[in-house]
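Subject: Structure handover

Hello,

Here is the structure I said I would pass on. My notes on what was found follow below it.

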Amino acid sequence: MANGFGSLFVGASGLMSAQNSLNVTANNLANVDTKGYVREQVRYTDQNYITTKNPTKGTNMHQTGLGVSIGDVAHARDIFLDKAYRLETGRSAFYSTYYEVNTQVEDLFQELDGEQFKGAVGDFWQAFQELAKTPEDTTIQNLVLQKAELFLTRSQSLYSDLQSYQTNLNQQVADSVDKVNKLGNRIYELNNIIQKIESGGVETAMTYRDERDNLIDELASYGAVSYQENQFGFMNIDFEGVEFVDEMGCHNMGIYVEDRTTGFYTPYWPQTTDEASGKYTKVFKLDNISVEYETDIGKIKALLKARGDKYGKASDLVDMESYSKVQDCTVTEVEAQLDRLTTTIINAINDIYCPNTTYTSPDGLTYTVLDTENCARNKNGDLPPEELFVRIGQKERYTETYIDGQKFYVYNEPNPGDDSTWYAMGSVTVNDDLKKVITLMPAYRKDGAVNYEMANKLADMWTKTPFTLDPTDTEPTTFEGYYDKMISKLGSKGNVYKTAAETMESTVNSVENSRKQVTGVSSDEELTNLVKYQSAYNAASRYISVISEMTELIVTGLV
């Protein structure tokens with residue numbers, strides 16, 4: 001216990017400590033509903049003791065205390081809950097984004113509950129059912145042309161909508177990268193502010209720490225983050241395993257266009273990229289995304305994966321090697337499936353109107369040529385017959401060629417390296433010659449009789465042309481079944497993403513509730529503290545009054 005006037009100092013220290021505690025409690029109450037506010041806790045410590053006599057055997061140490069002070073005003077945080085919250089936030093954002101993309105694609109396909117596109121396929125098939133009855137009827141032939149036009153228009157419109165949605169996702173990638181950079185820059189600014197405030201060892205920058213923690217929470221939704229605070233209060237942050245915020249500053253991400261055809265952005269790290277040589281260090285690794293390796297984290301990764309890095313084509317579904325590049329890339333994969341459906345229908349119809357065969361010349365060369373014996377002809381018996389769908393800006397389907405003195409119609413094969421030469425989405429149109437002169441429509445046999453066999457093939461192909469959805473599909477289906485299977489697979493994936501998103505959201509809410517129990521302000525608890533510190537303040541005041549009276553009595557008694 002202090003003696004003399006030192007006792008006044010002890011009382012004053014209690015008075016100041018109680019006053020500061022009241023201020024902290026009032027601040028907590030004022031921010032009870034402030035989002036992101038972390039309650040502050042007062043921790044007391046003893047003032048220094050003055051030793052007046054060293055202890056000897058059998059005696060106590062003689063010390064004079066100087067009262068109490070606030071050792072620290074601590075943030076009520078749990079670093080383990082913070083880490084769990086940020087991890088689950090990132091995973092929740094990943095699956096929520098994937099589910100949102102999947103839902104949007106479903107909406108594009110199922111216009112008016114699927115009636116528009118599926119209806120166009122059904123109407124096209126129905127037109128061929130009518131054609132099978134009277135192949136030579138020009139009215140029915142015109143109906144086939146109209147439904148072909150409608151089918152192609154709807155297919156290309158839907159494909160264009162999917163491409164537009166990819167562009168939308170691409171812009172979301174750019175916006176998200178910009179947001180991450182802004183968060184990183186602000187965190188770096190706060191690091192410097194916190195260091196300046198706390199460098200004197202007196203004050204703790206609580207408000208700025210709260211802001212920084214909230215920014216890290218938000219940053220975690222965009223990608224995988226790890227962080228470490230050093231002894232000076234500076235928070236170093238890694239984003240996707242690479243230094244993002246350190247003592248040197250914030251290493252902002254950049255974006256570059258990898259494919260000029262699509263214009264799709266790819267985030268990269270400028271600090272480790274050699275742009276001159278075109279060797280970019282990509283921020284996100286999109287292969288081997290799984291729960292097991294905790295790589296299913298972040299909104300940007302989900303946007304990149306769902307968007308894909310190209311426009312899907314039927315050629316992406318040829319084999320597993322090609323398919324693996326678009327698998328789980330929601331929009332690209334669906335584009336490829338739509339293109340495959342449309343392309344297969346187009347080629348099946350053309351191959352019936354203009355069937356091919358092979359001819360091997362005596363010198364061993366093999367040619368793909370028109371099967372003149374079995375192909376249908378128009379009313380005039382012309383060869384080669386007109387195809388229903390033609391390639392835009394490409395050669396005719398056949399070139400008249402003499403081989404070994406014989407006339408053949410050699411098929412102009414598509415160029416594997418040039419998509420525009422294929423009978424595929426965006427590179428075909430309905431034959432204008434047939435639109436102008438409907439009597440050019442193939443409907444007769446070589447002998448001039450009506451070709452019912454060809455017409456029946458056109459009607460039957462819708463239910464007798466088996467093909468699979470993708471290389472993982474082992475059950476061949478028909479054209480109508482293909483569309484149903486495509487939508488079913490899209491819906492199944494959507495349910496998986498929805499379930500995962502809801503599970504992650506539930507986990508995030510659970511962890512957040514646990515965090516709030518630690519960081520949240522309880523008005524009842526703070527009011528209790530308010531009474532406690534007020535009582536401590538009053539006690540310190542009475543203590544000072546008593547010491548003052550004792551001192552006055554001693555002084556006046558000596559006179």
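I start with one residue. Ile297 sits in the loop between β10 (265-268) and α6. The model is a predicted one, so please read everything here as computed from it. With a relative accessible area of 6%, Ile297 is buried. Not counting residues up to four places away in sequence, Ile297 touches Leu87, Gly90, Arg91, Phe94, Gly223, Ala224 and Glu240. Of these contacts, take Phe94: its C-alpha lies 5.4 Å from that of Ile297, although the two are 203 residues apart in sequence.

Thr89 belongs to helix α2 (residues 79-109). Its relative accessibility is 14%, so Thr89 counts as buried. Beyond its neighbours within four places in sequence, Thr89 is in contact with Asp217, Ala220, Ser221 and Val508.

Salt bridges

How many salt bridges does the structure hold? There are 30.

Glu240, already listed among the contacts of Ile297, forms a salt bridge with Lys301, with 3.8 Å between the closest N and O atoms. Lys301 is in helix α6 (residues 299-307) and Glu240 in the loop between β6 (235-239) and β7 (242-246), so this pair ties together parts 61 residues apart in sequence. Are the two partners buried or exposed? Lys301 is buried, at a relative accessible area of 4%, and Glu240 also counts as buried, at 15% relative accessibility.

Another salt bridge joins the side chains of Arg209 and Glu229, at 2.8 Å from N to O. It links distant parts of the chain, since Arg209 is in helix α5 (residues 206-219) and Glu229 in strand β5 (residues 225-229), 20 residues apart. Arg209 is buried, with a relative accessible area of 14%, whereas Glu229 counts as partly exposed at 30% relative accessibility.

Lys485 and Asp473 also meet through their side chains in a salt bridge, 3.0 Å from N to O. Here Lys485 lies in helix α11 (residues 479-519) and Asp473 in the loop between α10 (452-464) and α11, so the pair ties together parts that are 12 residues apart in sequence. At 23% relative accessibility, Lys485 counts as partly exposed; Asp473, at 17%, counts as buried. The cut-off for buried is under 20% relative accessible area, which is why these two values fall into separate classes.

There is also a network: Asp82, Arg86, Asp213, Asp217, Glu512 and Arg515 are joined into one by salt bridges that share partners. Asp217 has been mentioned above as a contact of Thr89.

Nonpolar cores

In soluble globular proteins, nonpolar side chains tend to be buried together. In this model the largest nonpolar core has 98 residues. Those with the most contacts inside it are Phe109, Phe124, Phe128, Phe239, Ile349, Tyr353 and Leu388. Helix α4 (residues 138-198) gives the largest share of this core, 17 residues.

Which residues does Phe128 contact, leaving aside its neighbours within four places in sequence? They are Val144, Ile349, Tyr353, Leu388, Leu458, Ala459 and Trp462.

Pocket and cavity

The second largest pocket has a volume of about 630 Å³. It is lined by 27 residues, and Lys313, Ser315, Asp419, Trp422 and Ala424 lie nearest its centre. Helix α8 (residues 330-353) supplies the largest share of this lining, four residues. By class, the lining of this pocket has 10 nonpolar, nine polar and eight charged residues.

The volume of the largest cavity is about 60 Å³. Its lining is made up of Thr330, Glu333, Val334, Gln337, Met486, Lys489, Leu490 and Lys493. Both α8 and α11 supply at least two residues each to the lining of this cavity. In terms of class, the lining of the cavity divides into three nonpolar, two polar and three charged residues.

Regards

Methods
Residues are numbered from 1 along each chain as its sequence is written. This is a predicted model: local features need pLDDT of at least 70, side-chain atom pairs count only at pLDDT 80 or more; totals for chains, interfaces and linings use all residues. Side-chain values use heavy atoms; hydrogens and water are left out. A salt bridge is a side-chain nitrogen of Lys or Arg within 4 Å of a carboxyl oxygen of Asp or Glu. Buried means under 20% relative accessible area, exposed over 50%, partly exposed in between (1.4 Å probe, protein chains only). A nonpolar core is a set of buried Ala, Val, Leu, Ile, Met, Phe, Trp, Tyr and Cys residues joined through side-chain atoms within 4.5 Å. Contact means heavy atoms within 4.5 Å. On a 1 Å grid over the protein atoms alone, a cavity is a set of points where a 1.4 Å probe fits but cannot get out, and a pocket is an open set with protein on both sides within 12 Å along at least five of seven lines; lining residues have an atom within 4 Å of a point. Grid points are joined across faces, edges and corners, and a volume is the space filled by probe spheres set on the points. Ala, Val, Leu, Ile, Met, Phe, Trp, Tyr, Cys and Pro count as nonpolar, Asp, Glu, Lys and Arg as charged, and the others, Gly among them, as polar.
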